Amino acid sequence: MEHFALWLAAFLTLGIISFLYKDNPWYKLSEAIFVGVSAGYWVVILFWDNFYGKFWLNKGDDPTLWVGAILGLLMILRLAPKIGWISRWPLAFIVGATGGLWLMNYFSSNIMVQVQATILPLFSTGFGTGFDASFGQIIGNLVIFVGTFTGLVYFFFSKEHTGAFGKTARVGIFFIMITFGASFGYTVMSRMSLLIGRIDFLLGDWLGLIK
Amino acid sequence: MKRQVPLFITFFVGTLLILSVFIPPMENLGENFTLFFDIIAVFAFFLGGGNLLRVHFKKLSKKKRDWQYSIVTICGFFFMLAAGLFKIGNPGDIASSVTAEGSLFQTIYTNMFVPLGSTMYALLGFFVASASYRAFRAKNREATILLIAAFIILLGRTPFGTMLTVWIPDSMSIAQIPNLAIWIMNSFNLAGQRAILIGIGLGVVSMSLRLILGVERTYLGDDSA
């Protein structure tokens with residue numbers, strides 16, 4: 001069984017990699033398996049974790065959980081063409097609750113916390129400690145302050161980007177570009193580490209060429 | 001009825017959750033509602049699974065192009081569903097975890113789901129490299145900056161980057177590529193990320209208000225539904 005599983009994993013891995021040559025039946029087969037298996041996987045996980053674990057086992061202790069279950073059932077009504085519009089109710093619940101939760105959470109974590117973290121003394125390591133920051137720290141603080149401010153100016157589209165405002169926005173673009181470059185570098189590295197992992201599996205676990 | 005009730009539900013639930021932050025007896029409301037989300041998500045996934053079957057059975061019945069692969073998808077779906085819902089091969093009884101070591105569900109996960117998923121993502125590495133070759137030609141100042149930043153970060157995370165600048169003395173350590181990469185991440189990148197995060201925060205706040213107040217109604221679709 002273990003050997004079969006290993007060969008199956010290798011077969012599917014090579015099937016996906018074969019797409020680098022061109023779209024072919026081996027890749028299509030692997031892709032079709034992936035779609036079916038992953039859909040089944042998530043349905044099962046959510047059934048046992050959320051439905052059984054969070055609802056079924058606790059429905060006696062907490063009757064309010066029935067609200068979630070009833071809303072979930074209403075969502076299924078989407079399959080009935082004549083009364084499908086009722087499925088908008090759970091959707092409206094999700095939209096309203098997400099809006100209410102996110103409004104407060106994002107305001108706190110993305111706006112207040114980030115602004116607070118940016119408003120720092122430029123020439124000292126803390127408030128009331130005098131001019132004790134090193135040259136490198138001062139440069140770093142200035143970069144963060146200028147970068148955040150000009151980046152925000154760039155994202156302000158209610159005013160035309162001309163004159164001093166436009167020049168400030170232009171500086172912001174440079175910071176945004178560096179951020180995109182860094183994010184891109186990280187993304188490539190993460191994909192490469194996944195690829196190395198698969199090659200390691202093929203040459204090590206499967207073929208035994210790497211010990 | 002078709003539009004007014006959902007708009008009222010959105011307004012009521014959204015307002016209730018905003019108020020719950022300020023009223024101590026209601027502060028757990030957010031957690032309760034998150035629990036409801038989790039339960040609703042199960043039904044949404046059932047709906048998604050049903051839709052997947054509908055699409056593939058339709059493809060199969062009409063013998064559309066590549067219909068044979070739909071059989072594989074449907075079989076894969078039911079196979080995984082049976083393995084997980086009936087806990088086939090689980091070492092414990094029905095109360096044991098579905099992901100218990102040795103179960104058929106876990107075996108499929110380890111030997112099919114994980115290899116397929118990670119290879120699919122690894123494949124993106126090639127496409128990202130090929131797309132970046134085309135997009136990253138230093139055509140203007142902005143593209144050049146992006147290219148240099150990405151290049152330094154990439155080099156800084158590899159032993160080759162360390163090897164290239166190991167000869168630079170410690171007094172000039174900032175010029176060593178790994179240190180330069182860290183400095184870019186902690187200053188320039190941080191500043192840009194903060195601007196983006198604050199922008200996203202403002203966007204989410206305004207969109208949430210639009211939804212709660214019923215200005216944004218596109219999620220309701222059209223009345224023919």
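Analyst: Helix 1 of chain A passes helix 2 of chain A in a left-handed crossing (left-handed if the near helix is turned anticlockwise from the far one by less than a right angle, right-handed if clockwise; helices are DSSP runs of H or I with at least four residues, and strands runs of E with at least two, numbered from the N terminus). These two helices pack at an angle of about 115°, with their axes 8 Å apart; axes are lines fitted to C-alpha atoms, for helices over the stretch in contact, and angles run from 0 to 180 degrees between N-to-C directions. From helix 1 of chain A, the contact draws on A:Leu12, A:Gly15 and A:Ile16, and from helix 2 of chain A on A:Trp26, A:Tyr27, A:Leu29, A:Ser30 and A:Ile33; residues are in contact if their C-beta atoms, placed from the backbone, lie within 7 Å. By class, this contact of helix 1 with helix 2 of chain A has six nonpolar, two polar and no charged residues (Ala, Val, Leu, Ile, Met, Phe, Trp, Tyr, Cys and Pro count as nonpolar, Asp, Glu, Lys and Arg as charged, and the others, Gly among them, as polar).

The model is predicted: local features need pLDDT of at least 70 and side-chain atom pairs count only at pLDDT 80 or more, while totals for chains, interfaces and linings use all residues. Residues are numbered from 1 along each chain as its sequence is written, and chains are lettered from A and ligands numbered from 1 in the order in which they are written.

Helix 2 of chain A has 32 residues and reaches 43 Å from its first C-alpha to its last, close to the 46 Å expected at 1.5 Å a residue (1.5 Å times one less than the number of residues). Helix 2 of chain A bends by about 30° at A:Phe47, the bend being the angle between axes fitted to the seven residues ending there and the seven starting there. Helix 4 of chain A has a kink of about 30° centred on A:Tyr106.

Between the chains, helix 4 (residues 88-118) of chain A and helix 8 (residues 188-212) of chain B pack at about 150°, with axes 8 Å apart. Helix 4 of chain A is therefore roughly antiparallel to helix 8 of chain B (over 145 degrees; under 35 is roughly parallel, 65 to 115 roughly perpendicular and the rest oblique). Their crossing is left-handed, and the contact residues divide into 16 nonpolar, eight polar and one charged.

The axes of helix 3 (residues 65-76) of chain A and helix 2 (residues 29-61) of chain B come within 8 Å and cross at roughly 25°, so these helices are roughly parallel. Helix 3 of chain A passes helix 2 of chain B in a right-handed crossing, and the residues of their contact comprise 15 nonpolar, two polar and no charged.

Key: Contact = placed C-beta atoms within 7 Å.
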